[in-house]
Amino acid sequence: MGHFSNYHHHLDHNTYTKMIYWQLFYTFFRVGLFAFGGGYAILSLIEHDVIDNGWATESEFIDMVAISQITPGPVGINIATYVGYTATNSVLGSAITTFAITLPSLIIMLIVCLLYEYLNEHYSKSPYFQNVLKVLRWLVVGLIATAVITLLTDEVFFDISSYIICTITFCCFLIPKFISVPKQLSFLSNPITLILIGGLIGWMLYY
Amino acid sequence: MFYKLFITFLRIGTFTIGGGYAMIPLIQVEVVDKRHWLDEKEFLNMLALAQAAPGVIAVNFAILIGQRIYGWRGIIATVTGAILPSFICILLLATLFRHYGHLPLLEAIFKGIRPVVVAIIAGTVIKMGIQAQLSWYSIPIPLIALVLIWLANISPIWVILATIIITLTITHIRK
């Protein structure tokens, strides 16, 4: 009897693992297919699935975003690799998510290559193309705003300093958009610099 | 050629931190200025197509450039080159954090980083809103999307699909 239930347990575990790989593939394939507008649009689509599937908590997701920002390479690929690893604890998971987010690009870009001459000619003139792109650019703003709301958790904003850090960073990041700042100070609005400074402040405040 | 393309994109993937948009100037230097694989105009045309398509822009761009220069072998060279540094770095870091993530020092550092990341994403919302030239008649679109996804818990994928279909329909009717 004990042997039998062990066998069953083994089977269930196997099915579960396979399911997670399939789910990861499906999620990231969809993201590759529907994320218009690059990096942050990708984040806003992934976040929903990552948190709902329990692959990471909100805070863990933010940590992944931070690490994806400050490591080399496209943020979308970084976050895919990271989530794949965290969700399955294996390199195979990373390989699947990275492959899955790249596959739609391969398919779509091959079509684009085939129609390259035609697209170059008509893409800028077609009202269908232009309107869809324009409206999607508007839509993405809403998608990313939703992602921000989801990330406003008690674990992230757990004391007064975290609110202050957030507000100051927000201003630093946006100021160059509205007023001209000297070139020597422009590094202060760079996300990488801001993340590193945040880490430094965290070290001084909480360690 | 395969090797040259691979190495070029490996370098592009290794030395661009902060994502797709940081990669574009470097791709331009390597592909247009240094190696003359493409001319300026072709480069810009391809960039526009890569940005218009869904997915990771840098990967889209790498596929287009690889195909143009060396066919399907070019695609394999540029895409693996662009992805490999990311893949290796993240795996190393993820493994490290799995083992050392609970050290008080790292916890403290990330407590400082989290509000920064939220601020950067929030700031990006504003920046993208300005770039997309949101105005009084277009602002309901992101707002409706926000309500649908956040309050009605509808998957963003459906919202995107619906938006595309509605936009195509309206364009068709107006025509």
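Read along the sequence, chain A of this predicted model follows an α-α-α-α-α-α-α-α-α pattern. Counted out, that gives nine helices and zero strands in chain A. The radius of gyration of the chain is 21 Å, well over the 17 Å that the globule rule gives for 207 residues, so chain A is more spread out than a compact globule. The span of its C-alpha trace along the principal axes is about 75 × 60 × 25 Å.

Even with this outline, 52% of the 207 residues of chain A count as buried. As for charge, chain A carries 7 positive and 12 negative side chains. The centres of these two sets lie 19 Å apart.

Thr81(A) has a relative accessible area of 0%, and because buried means under 20%, Thr81(A) counts as buried. Which residues does Thr81(A) touch, leaving aside those up to four places away in sequence? Within chain A they are Ser94(A), Thr97(A) and Thr98(A). From chain B, Phe87(B), Ile90(B) and Leu91(B) join the list. Thr81(A) therefore has a relative accessible area of 0% and contacts to residues of both chain A and chain B.

With a relative accessibility of 5%, Ala56(A) counts as buried. Setting aside residues up to four places away in sequence, Ala56(A) touches Val50(A), Ile51(A), Phe61(A) and Met64(A). Ala56(A) can also be placed relative to Val83(A): the two are 27 residues apart in sequence, and their C-alpha atoms are 7.9 Å apart in space.

The cysteines can be considered next. How many disulfides are there over all chains? The count comes to zero. Cys113(A), with a relative accessible area of 15%, is buried, whereas Cys89(B), at 25% relative accessibility, counts as partly exposed.

Gln133(B) has a positive phi of about 55° although it is not a glycine. This residue lies in the loop that runs between helix H5 (104-131) and helix H6 (140-151) of chain B. Is Gln133(B) buried or exposed? At 63% relative accessibility, Gln133(B) counts as exposed.

Asn153(B) is the other case. Its phi is positive too, at about 60°, and Asn153(B) is likewise not a glycine. The loop that holds Asn153(B) lies between H6 and helix H7 (156-174) of chain B. Asn153(B) has a relative accessibility of 56%, and because exposed means over 50%, Asn153(B) counts as exposed.

Terms used: Residues numbered from 1 in each chain as written. Chains lettered and ligands numbered in written order. Predicted model: local features only at pLDDT ≥ 70, side-chain atom pairs only at ≥ 80, totals over all residues. Heavy atoms only, no water. Buried < 20%, exposed > 50% of the residue type's maximum accessible area, 1.4 Å probe, protein only. Contact = heavy atoms within 4.5 Å. Helix = DSSP H or I, 4+ residues; strand = E, 2+ residues; numbered from the N terminus. Rg over C-alpha atoms; globule rule 2.2 N^0.38 Å. Lys, Arg positive; Asp, Glu negative; His and termini not counted. Charge placed at Lys NZ, Arg CZ, Asp CG, Glu CD. Disulfide = S-S within 2.5 Å.
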